[in-house]
Amino acid sequence: CKSFAFPDQLAMGTSRRSKRLSADVLSVLRESVQDKIFPGAVAALISSTDETYIPFGHQTYDPSARPITKESIFDAASLTKVVATTTAVMQLVEGKQLSLYDLACKFLPQLRRAPKDRMTIFQLLAHTAGFPGGEPLQGIKSRGEIFQAICSMGLQYEPGTERVYDNVRYIILGFIVESVTGVTLNKDCESHVFEPLKMSETMFVPHKVFFDRIVPTEVDPRRGGLIHGPVHDERAFVMGGVAGHAGMFTTARDLGRFSRLVMRHDHGAFAGILSRASVQLMCSRQWQDNEGEYGLGRDRLRLSYMDGIDDCDAVGHTGF
């Protein structure tokens, strides 16, 4: 999964240009499937006036597998951080229920242990809170054990002095949203993000009725073979499918709806989710290093996957 947003000046213009761009994207999808980079995908091209969705391939490499369609539902993995958790946190900021510069331990007293007692909400959003990268929560079997492991985990660096991408800090943000709102993260996002944006195909813990539309993620013998329906991420799985770093399932069409908000096409049904000031803050540069620039929950000019995008205001994020 990858999600990008561009400003209006790069939006699709004439019908001829849109058709040419669609043909180019379809060619990339076809070559990628032929090269077995992935078995299928949906590309979404969104502007202030146009929406084009381009499905190609199948759910797996099996020739008899279901074809990918505009209705296909994907395990969005780390796009959960961008669409669900970051949005939920910024809504709480706008509602003055927390501040970006509040200490995390204000909401989770178990973190009142140096140096974690100096971590702020801003640093958690920006991946500068000090936790190590990689997957330090291997082999843990429950939501409670994950929380306790995070509370006792040592930091790799002083909060605010470096940036290392990881999942731990977004798991913490999910817990903080739940602490402030008094409801689970999925319920908060359903009420304040998905439903207002009419993202009716976006959810945590999908019901079995959706399984035929869900694209499988991996073959994992430890979990019985093909993972098709339950969340792929092991930490989100043991947390019951609801976590701040992963667990959201969605379609390209629903991500298109959300992208319109990011691109500030937030009129009518899209108004009221976040202010333009909050969207601008999340998308603006908050950190810069030799790998790129970063906003709050979003990448900017990340060379590893955005190299060649000729726009200094492009933002994006990847998912496993």
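This is a short walk through the structure, one selection at a time.

Before you click, note that this is a predicted model: local features need pLDDT of at least 70, side-chain atom pairs count only at pLDDT 80 or more, and totals for chains, interfaces and linings use all residues. Residues are numbered from 1 along each chain as its sequence is written, and side-chain values use heavy atoms, with hydrogens and water left out.

**Stop 1: a hairpin**

Select residues 40-46 and 51-57. These are strands β2 and β3, which pair in the antiparallel sense over seven bridges. Helices (H or I, at least four residues) and strands (E, at least two) are DSSP runs, numbered from the N terminus. Two strands pair if DSSP finds at least two bridges between them. Strands of a sheet pair through backbone hydrogen bonds, either parallel or antiparallel.

Four residues sit between β2 and β3, and the two strands form a hairpin.

Is β2 mostly covered or uncovered? Mostly covered: six of its seven residues are buried. Here buried means under 20% relative accessible area, exposed means over 50%, and partly exposed is in between (1.4 Å probe, protein chains only).

**Stop 2: a three-stranded sheet**

Next, show β4, β5 and β8. They make an open sheet in the order β4-β8-β5, with antiparallel pairing. The edge strands are β4 (74-75) and β5 (203-204), each of which pairs on one side only. Zoom in on β5 and β8 (residues 248-250), which share two bridges; F204 has M248 in β8 as its bridge partner.

What does α2 lie across? It lies across β5 and β8, running at about 100 degrees to β8. For that angle, axes are lines fitted to C-alpha atoms, for helices over the stretch in contact, and angles run from 0 to 180 degrees between N-to-C directions.

**Stop 3: two helices with a buried side**

Select α6 (residues 185-194) and colour L185, N186, D188, C189, V193 and F194, which are buried. They cover an arc of only 155 degrees around the axis, which puts them on the same side of α6. The arc is that of the directions from the helix axis to the C-beta atoms. These buried residues pack against α2, α5 (168-181), β5 and β8, where contact means heavy atoms within 4.5 Å.

Now try α9 (residues 276-283), where S278, V279, M282 and C283 are buried. Down the axis of α9, its buried residues fall within an arc of 125 degrees, so they line one face of the helix. What covers them includes α2, α8 (252-262), β11 (299-300) and β12 (315-318).

Before moving on, click S200 in the loop between α6 and β5. It counts as exposed, at 63% relative accessibility. Draw a distance from its C-alpha atom to that of L92: the two are 108 residues apart along the chain and separated by 22 Å.

**Stop 4: rings**

How many aromatic pairs does a search of the whole structure find? It finds three. Rings of Phe, Tyr and Trp (its six-membered ring) pair if their centres lie within 6.5 Å; planes under 30 degrees apart count as stacked, over 60 as edge-to-face and the rest as tilted.

Show Y101 and F122, a stacked pair at 5.6 Å centre to centre with 15 degrees between the planes. Y101 is exposed at 59% relative accessible area, whereas F122 is buried at 13%.

Two charges also sit over rings, meaning that NZ of Lys or CZ of Arg is within 6 Å of the ring centre and within 35 degrees of the ring normal. The charged end of K36 sits over the ring of Y61, 5.4 Å from its centre. For R223 over F237, that distance is 3.9 Å.

**Stop 5**

Most residues other than glycine have a negative phi, and most peptide bonds are trans. Now select A114 and P115: a cis peptide bond joins them, with omega about 0 degrees. P115 is in the loop between α2 and α3.

H127, in the loop between α3 and α4 (143-152), has a positive phi near 60 degrees. It counts as buried, at 2% relative accessibility. Finish at L301, in the loop between β11 and α10 (303-306). Its phi is also positive, near 50 degrees, and L301 is partly exposed at 30%.
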